[in-house]
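Here's a quick tour of a protein with a ligand in it. Take a look at the sequence and structure first, then we'll walk through the main features.

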Amino acid sequence: MRAIVHEGKTGFEGLSVKEVERPSIGNKDVLVKVHTAGMNRRDVAVVTKRHQAEDPALIPGSDASGTIEAIGEGVTKFEAGDEVVINPGLGWQENSDAPPEGFEIVGLPDNGTFAEYYSCTEDHVERKPSHLSFEEAGVLPLAALTAYRALFTRGQLKADQTVLLPGIGSGVLTFALKFSKALGARVIVTSRSSEKQKEALALGADRAIDTNCDWNEELSDETVDLLIESIGEATFEKSLNVIRKGGTIVTFGATTDDQVQINIRQFFYGQYNLLGSTMGSAEEFREMLTFIEEEQIKPQLDRLFKLEEYKEAFEYLRDTKNFGKIGFSLKR
Ligand SMILES: NC(=O)c1ccc[n+]([C@@H]2O[C@H](COP(=O)([O-])OP(=O)(O)OC[C@H]3O[C@@H](n4cnc5c(N)ncnc54)[C@H](OP(=O)(O)O)[C@@H]3O)[C@@H](O)[C@H]2O)c1
């Protein structure tokens with residue numbers, strides 16, 4: 001089968017498309033013929049951070065939609081021909097405060113989805129929501145799950161609250177925008193791009209501002225109850241300064257830098273809440289699928305690339321040209 005493989009060299013130089021062996025299936029496994037494989041910033045980070053020339057070859061990619069091609073003898077929930085999406089979180093079944101020991105994400109350390117076939121246990125696939133095309137379903141899993149847990153499980157967003165989403169070009173945050181609006185909350189977004197601000201307003205955002213402006217001045221008439229922070233160092237201080245006293249920041253990413261500064265006195269006087277989040281359990285993945293089906297929510301699909309266009313795709317995401325999700329189409 002054809003796959004995007006990372007090996008030999010650090011960074012994008014180690015990427016190529018090649019013929020590799022189709023994955024085998026065990027007793028409880030399903031073999032998925034991949035239709036669309038969504039890309040996440042994690043894929044850029046994975047190939048950038050694997051330095052060792054001697055690291056084994058890896059197929060990156062955490063998201064996919066497709067059709068079940070074959071099943072192991074012990075599979076009970078699926079049969080060949082079923083249309084599915086992959087849950088990219090491995091080993092986190094029930095809801096819990098944090099992922100259990102051994103939790104891993106598809107696409108590192110084991111092979112991921114940027115390939116014609118992907119295999120995993122039947123516990124890690126769910127039926128494709130019927131209102132979504134394969135293209136839409138393929139870019140859904142990781143980002144939508146992350147947005148769902150950050151907003152609802154961790155952030156406890158309510159319909160009468162205001163949420164601020166810095167960096168709205170993000171795949172995760174375009175889901176957060178649609179989920180928050182479906183709930184009825186007031187949504188403010190930021191972006192460095194005026195084009196992306198306009199696109200967010202067209203999707204229902206109540207207000208859009210420049211990430212580089214003075215948020216306190218610009219939003220002096222707003223009460224920000226919840227802020228979903230994934231940019232990290234570049235915006236963290238501004239985020240902490242703009243939420244109302246007693247308000248909450250949920251953080252799950254650091255696109256710029258991991259190290260941030262907090263004025264701890266200001267923090268405790270303000271009685272703020274700072275919560276970490278990461279993807280979500282299989283239970284939350286199913287809750288998220290039900291939610292998007294009930295609300296008829298579709299991913300913000302920016303662009304799909306062919307496998308051979310891997311360089312362009314990785315550079316597109318690295319340079320944050322995306323508004324929403326991108327991915328690879330493996331339709332044949
Ligand atoms: N912990 C988890 O489970 C988890 C899951 C998913 C994602 N993540 C992390 O969450 C982050 C977002 O993921 P994603 O896949 O949605 O990313 P993405 O699509 O690449 O979006 C990142 C956004 O961050 C903003 N940004 C980037 N550099 C910036 C800078 N220097 N200053 C200000 N804003 C900047 C941009 O928004 P504008 O273009 O609008 O300015 C960009 O669109 C990443 O760090 C990712 O690794 C973590």
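## Around the ligand

Let's start with the helices. Three of them, α1 (41-49), α3 (141-154) and α4 (171-183), each put at least two residues into the shell around the ligand. Keep in mind that this is a predicted model. The shell counts 32 residues, and the closest to the ligand are Gly167, Gly169, Ser170, Ser191 and Gly253.

The domain assignment divides the protein into domain 1 (2-140 + 299-329) and domain 2 (145-276). Their C-alpha centres are 28 Å apart. Where they touch, domain 1 brings nine residues to the contact and domain 2 brings eight. On the domain 1 side, those residues come out as five polar, two nonpolar and two charged.

So where does the ligand lie relative to these two domains? Domain 1 and domain 2 both contribute to the shell around the ligand, so the ligand lies between them.

## Helix α3

Now for a closer look at α3, one of the helices that supply the ligand shell. It has 14 residues and runs 18 Å from first C-alpha to last, close to the 20 Å expected at 1.5 Å a residue.

Is α3 mostly enclosed or mostly open? Of its 14 residues, 12 are buried, so the helix is largely enclosed by the rest of the structure. The buried set includes Pro141 and Leu142, the run from Ala143 through to Leu151, and also Arg154. Arg149 is on that buried list too. Just past the end of α3, Gln156 adopts a positive phi of about 50 degrees.

## The nonpolar core

The largest nonpolar core holds 84 residues, and Val32, Ala147, Leu165, Ala176 and Ile228 have the most contacts inside it. The biggest contributor to this core is α3, which gives eight residues. Like the ligand, the core lies between the domains, because domain 1 and domain 2 both give residues to it.

Leaving aside residues up to four places away in sequence, Ile228 touches Ala150, Leu151, Gly155, Val163, Leu165, Leu173, Ala176 and Val250.

Methods
Residues are numbered from 1 along each chain as its sequence is written. This is a predicted model: local features need pLDDT of at least 70, side-chain atom pairs count only at pLDDT 80 or more; totals for chains, interfaces and linings use all residues. A residue is near a molecule or strand if its C-beta atom, placed from the backbone, lies within 6 Å of it. Helices (H or I, at least four residues) and strands (E, at least two) are DSSP runs, numbered from the N terminus. Domain bounds come from an automatic or database domain assignment. Two residues are in contact if their C-beta atoms, placed from the backbone, lie within 7 Å. Ala, Val, Leu, Ile, Met, Phe, Trp, Tyr, Cys and Pro count as nonpolar, Asp, Glu, Lys and Arg as charged, and the others, Gly among them, as polar. The expected span of a helix is 1.5 Å times one less than its number of residues. A residue is buried if 20 or more other C-beta atoms lie within 10 Å of its own, exposed if 12 or fewer, and partly exposed in between; C-beta atoms are placed from the backbone. A nonpolar core is a set of buried Ala, Val, Leu, Ile, Met, Phe, Trp, Tyr and Cys residues joined through C-beta atoms within 7 Å.
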